[in-house]
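Please look over the chain shown below before reading on.

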Amino acid sequence: MDLKKLIDGEELNIPKHVAIIMDGNGRWAKKRLMPRNVGHKAGARVVEQMCEDAYNLGIKYLTVYAFSTENWKRSVEEVTGIMNLLRNYLKDCIERASKNNMRVRVIGDRTALAPDIVDRINELERKTKDYDGLQFTIALNYGGRDELRRAVVCLAKDVKAGLISPDDISEDMISDKLDTFDLPDPDLMIRTSGEYRLSNYLIWQLAYTEFYFTDVLWPDFTVEHLKEAIRYFNGRERRYGGVK
């Protein structure tokens, strides 16, 4: 059941889990005649603020799309800048998470990431695993199709080992092999910058999620925009394939 909370004098149902495609960093920088990585830095600051805002509004789970399996196709300069920004973010995130009682998880394929980044991810997850405030998840080198492929490989190995029969494979068994096995499916998905596609993001988990698209570029996204997305969510009737 969604949490009801008074926001600006209006009682609203607060989505338990919000997923965000943080799009528009590069365009934000281009509009200001700046390098794309300046936009990524500005976007990272918004992530920090959004974690605080989401928790204050009553959102329990927040999942953001930071770097996709396809983003490696970008220029070496941009990818290098993003990875260096990530290094700094992960380092600072430990102190910030401790201060705010925030648990941090990272989903995606870590095998392509630099060893020092993987070490920082492991340290961050280990040190925040018992925090019960905002449950913050970062999708990093993540792709929905790749996630499903890895889940299928795990199930195939179980079948080969005789642990399960192919006919026994259920939706729950697939969900249990996904990176998000211990997270509820998102209630609301927000995409900024005016694009209307999922871009390979949480394609299994978003089956019954409400989608909210906005033209606002991610570095300009504020708590007021988040509130507007929640108001939109409150106007939707979630039937999950049934009839009310």
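## Charged side chains

In this predicted model, the chain carries 38 positive and 39 negative side chains, and the centres of these two sets lie 4 Å apart.

## Overall form

The chain contains seven helices and eight strands, and its C-alpha atoms fill a box of roughly 55 × 50 × 35 Å along the principal axes. A compact globule of 244 residues would have a radius of gyration near 18 Å, and the value of 18 Å for the chain agrees with this.

Of the 244 residues, 48% are buried, while the chain exposes about 13000 Å², of which carbon and sulfur atoms supply 50%. Among contacts between residues at least 6 apart in sequence, 74% join residues that are at least 24 apart.

## Aromatic pairs

The count comes to eight aromatic pairs. In one of them, the ring centres of Tyr142 and Tyr201 are 6.3 Å apart and the planes stand at 85°, so the pair is edge-to-face. Because Tyr142 belongs to strand 6 (residues 135-142) and Tyr201 to the loop between strand 7 (188-191) and strand 8 (210-213), the pair ties together parts that are 59 residues apart in sequence. Tyr142 is buried, with a relative accessible area of 0%, and Tyr201 is buried with a relative accessible area of 0%.

The rings of Tyr212 and Tyr232 have centres 5.3 Å apart and planes at 55°, so this pair is tilted. It links distant parts of the chain, with Tyr212 in strand 8 and Tyr232 in helix 7 (residues 223-234), 20 residues apart. Tyr212 is buried at a relative accessible area of 13%, whereas Tyr232 is partly exposed at 33%.

Key. Residues numbered from 1 in each chain as written. Predicted model: local features only at pLDDT ≥ 70, side-chain atom pairs only at ≥ 80, totals over all residues. Heavy atoms only, no water. Helix = DSSP H or I, 4+ residues; strand = E, 2+ residues; numbered from the N terminus. Rg over C-alpha atoms; globule rule 2.2 N^0.38 Å. Buried < 20%, exposed > 50% of the residue type's maximum accessible area, 1.4 Å probe, protein only. Contact = heavy atoms within 4.5 Å. Areas by Shrake-Rupley, 256 points an atom, 1.4 Å probe, with all protein chains shown as cover. Lys, Arg positive; Asp, Glu negative; His and termini not counted. Charge placed at Lys NZ, Arg CZ, Asp CG, Glu CD. Phe/Tyr/Trp six-rings, centres within 6.5 Å; stacked < 30°, edge-to-face > 60°.
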